[in-house]
Amino acid sequence: MSSQIDSLIAREYAAGFVTDIEQDTLPPGLNEDVVREISRLKNEPPFMLEWRLKAYRRWLTMKEPHWPNVKYPPIDYQGASYFSAPRKKTPLGSLEEVDPEILKTYEKLGIPLLEQKRLAGVAVDAIFDSVSVGTTMREELAKHGIVFCSFGEAVHSHPELVEKYLGSVVPYSDNFFAALNSAVFSDGSFCYIPKGVRSPMELSTYFRINAADTGQFERTLIVADEGAYVSYLEGCTAPKRDTNQLHAAVVELVALKGATVKYSTVQNWYAGDKEGKGGIYNFVTKRGKAFENAKISWTQVETGSAITWKYPSVILQGDNSTGEFYSVAVVNNKQQADTGTKMIHVGKNTKSTIVSKGISAGQGNNSYRGRVFVSPKADGARNYTQCDSMLVGNRCGAHTFPYIEVANKNSIVEHEASTSKIGEDQIFYLKQRGLSAEQAVSMIVSGFCKEVFKELPMEFALEAQQLLGITLEGSVG
Amino acid sequence: MLDIKNLKASVGDKEILRGISLSVGKGEVHAIMGPNGSGKSTLAQVLAGNPAFEVTGGSVTYAGRDLLELAPEERAQAGIFLAFQYPVEIPGVTNAYFLRSAYNEIRKARGEEEVDPMEFVGIVEEKLKLVDMDADMLNRSVNMGFSGGEKKRNEILQLAVLEPKLAILDETDSGLDIDAMRTVADGVNKLRDKNRSFIVVTHYQRLLNYIVPDHVHVLSQGRIVKSGGKQLALELEEKGYDWLVGAHVAAGGSASSGQPVLSRA
């Protein structure tokens with residue numbers, strides 16, 4: 001019986017506006033010339049063009065994966081444009097000269113870029129339609145030797161680091177979307193923390209899709225040198241459009257000996273309307289490699305996108321390295337998510353923790369897919385997986401696909417899973433205490449997600465909690 | 001303050017309340033007794049607005065308002081409190097956060113300022129003493145892993161914090177040993193007030209030794225078959241329900257048989 005938990009009416013998507021600016025956009029279509037043109041437009045050194053071309057040629061031989069538990073009509077890869085950038089060029093490092101319309105956009109999204117209004121303690125790289133429009137706090141970070149800039153800039157300022165680490169965790173041949181990204185990615189964020197340095201502030205990338213009918217391909221590369229520490233945040237929004245847009249990003253993390261990288265995402269791409277029209281296809285490859293005694297921790301709160309397909313993973317390469325994955329994925333209306341992680345234990349005494357919370361409402365379909373692999377040499381490896389699903393209403397789905405492969409006898413792998421449903425009795429109980437149905441659902445769901453929220457940096461945790469409330473708004477009648 | 005006239009309610013096709021009339025004055029304590037399946041708990045749930053029950057007839061006026069028109073949260077905000085027979089568990093939500101959210105919603109409805117967590121600690125500490133509870137239970141998830149007695153005490157704690165005008169206690173004594181029942185009853189007694197009315201739903205007379213009612217009503221098959229003073233409860237203790245309701249309903253039945261209890265999906 002669902003007298004209360006009923007049809008779904010999502011609240012207005014607040015970030016769904018379009019910014020009216022002049023843009024340079026390549027004509028639709030993808031071929032080798034387009035790849036060359038992107039590299040030329042970005043004035044890249046030869047090693048980059050070569051790498052892109054190898055990726056493109058490899059991509060031509062690959063097939064779009066259809067093993068995820070999601071459904072969508074065929075994507076016309078020749079129908080999209082592969083490069084779009086705001087026309088007005090900004091001299092590097094001078095945020096004051098960024099197109100005022102773009103500055104306004106970020107302000108509206110709550111991410112002021114100009115000095116006087118900046119967020120305290122957070123450095124932001126603002127990516128607008130796959131191009132970095134500005135990075136804040138650079139001088140402050142430079143004092144610590146930290147490099148934080150757009151990918152395009154890093155190719156010129158630190159080519160040796162880019163050449164060394166680009167593709168070292170996610171090779172261009174990794175999968176269909178990673179190959180596509182490698183061929184055509186236009187920009188992204190780059191970050192290098194030198195040996196022994198603890199980043200004095202949170203670093204963040206804020207992705208904004210604006211242009212219509214363009215594919216979005218960014219690449220983030222974060223390298224934490226020996227003993228370094230960095231906490232990185234990623235946020236994303238897009239306008240409401242009734243066509244689907246492909247977002248195929250790649251994030252690579254490298255944590256060298258004794259380093260720690262903490263990467264948190266609050267993903268709020270436009271999810272499409274109630275009927276499932278429009279929204280972003282978020283097909284993203286995220287992976288980190290942890291060397292000896294290093295630690296990589298992924299925390300994600302996925303509330304947006306029409307389709308989410310991503311598995312932030314950790315290769316536990318070095319002995320005593322640690323990998324963590326904390327995830328909240330929410331689907332409402334007709335959203336689909338197939339998300340999870342891979343923990344690849346290579347080194348000895350490696351440790352991984354997976355905590356996944358999936359919430360399905362409306363006609364949403366949520367799948368957890370996770371792989372835990374323990375190699376023959378990984379003595380003393382340890383994994384703990386906890387995978388909980390919550391259903392709101394009667395028309396949604398929750399699925400769990402754990403893949404566990406253990407090739408070492410001296411390792412321990414644990415998997416726990418549960419499925420629960422928000423009960424009419426829980427909602428009535430809270431209403432009887434004076435809370436509205438929406439407050440009640442929000443409270444129950446926040447409680448369910450608590451273990452993940454506590455991993456997020458403070459400001460982010462609040463945002464995530466609010467976002468969750470908005471996403472589920474209207475999911476009870 | 002509360003005026004129930006010929007109230008009828010059903011679950012699905014089954015009519016459970018078949019015309020109940022009852023008036024509760026300010027500051028009065030009314031006990032509702034009756035055998036299993038007589039509709040006692042349904043009456044409590046219907047007054048609180050549980051959507052699992054459909055009101056099919058009659059009227060309820062509360063403080064001059066048509067109660068049946070109000071949503072459950074509006075009833076709560078207007079001062080109606082139901083102490084549940086089966087308090088619900090809410091994992092991951094601390095009792096403190098839950099209590100403060102409820103308290104603030106009710107304050108907002110009264111046009112009062114919300115209180116912050118620090119202020120709230122001061123308020124709740126006073127109330128904890130009433131039900132003999134430790135402050136550490138504020139940091140536990142709502143009713144999670146609580147014993148039966150703790151759950152019931154937690155209900156009375158909420159009653160104390162939310163300060164309703166009409167408190168409905170639904171089988172608050174069920175599942176409690178004598179000491180736990182005494183603690184709960186003591187808490188309730190301290191909350192009795194000339195401006196606060198109580199409806200105490202119970203199967204057994206023993207609770208009424210501690211919470212002494214002004215009026216006692218006996219329910220059978222969805223109707224009030226007898227009303228009287230507190231001595232009526234003693235009479236029931238002695239004679240059972242048979243003489244009032246006929247042997248056909250008094251025979252057998254477990255504690256919850258026939259009681260419309262919300263399912264835990």
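I began with a helix pair in this predicted model. Helix H3 of chain B (residues 95-109) packs against helix H5 of chain B (residues 148-162) at an angle of about 35 degrees. I read their axes as 10 Å apart. The crossing of H3(B) and H5(B) is right-handed.

Next I listed who makes the contact. H3(B) brings Asn95(B), Leu99(B), Ala102(B), Tyr103(B) and Ile106(B). H5(B) answers with Asn154(B), Gln158(B), Val161(B) and Leu162(B).

Then I turned to chain B as a whole. I found 10 helices and 12 strands in chain B. Its radius of gyration is 18 Å, close to the 18 Å that the globule rule gives for 265 residues, so chain B is as compact as a globular protein of that length. Along the principal axes, the C-alpha atoms of chain B fill a box of roughly 55 × 40 × 40 Å. I looked up burial too: 45% of the 265 residues of chain B count as buried. For contacts in chain B with a separation of 6 or more, I noted that 72% join residues 24 or more positions apart.

Last, I checked where chain B meets chain A. The contact takes 25 residues from chain B and 20 residues from chain A. On the chain B side, the elements giving two or more residues are helix H2 (72-77), strand S7 (90-94) and H3. H3(B) gives the most, with 5 residues. I sorted the side of chain B that touches chain A into 16 nonpolar, 6 polar and 3 charged residues.

Key
Residues numbered from 1 in each chain as written. Chains lettered and ligands numbered in written order. Predicted model: local features only at pLDDT ≥ 70, side-chain atom pairs only at ≥ 80, totals over all residues. Axes fitted to C-alpha atoms, helices over the stretch in contact; angles between N-to-C directions. Helix = DSSP H or I, 4+ residues; strand = E, 2+ residues; numbered from the N terminus. Left-handed = near helix turned anticlockwise from the far one by under 90°. Contact = placed C-beta atoms within 7 Å. Rg over C-alpha atoms; globule rule 2.2 N^0.38 Å. Buried ≥ 20, exposed ≤ 12 C-beta atoms within 10 Å, placed from the backbone. Nonpolar A, V, L, I, M, F, W, Y, C, P; charged D, E, K, R; others polar.
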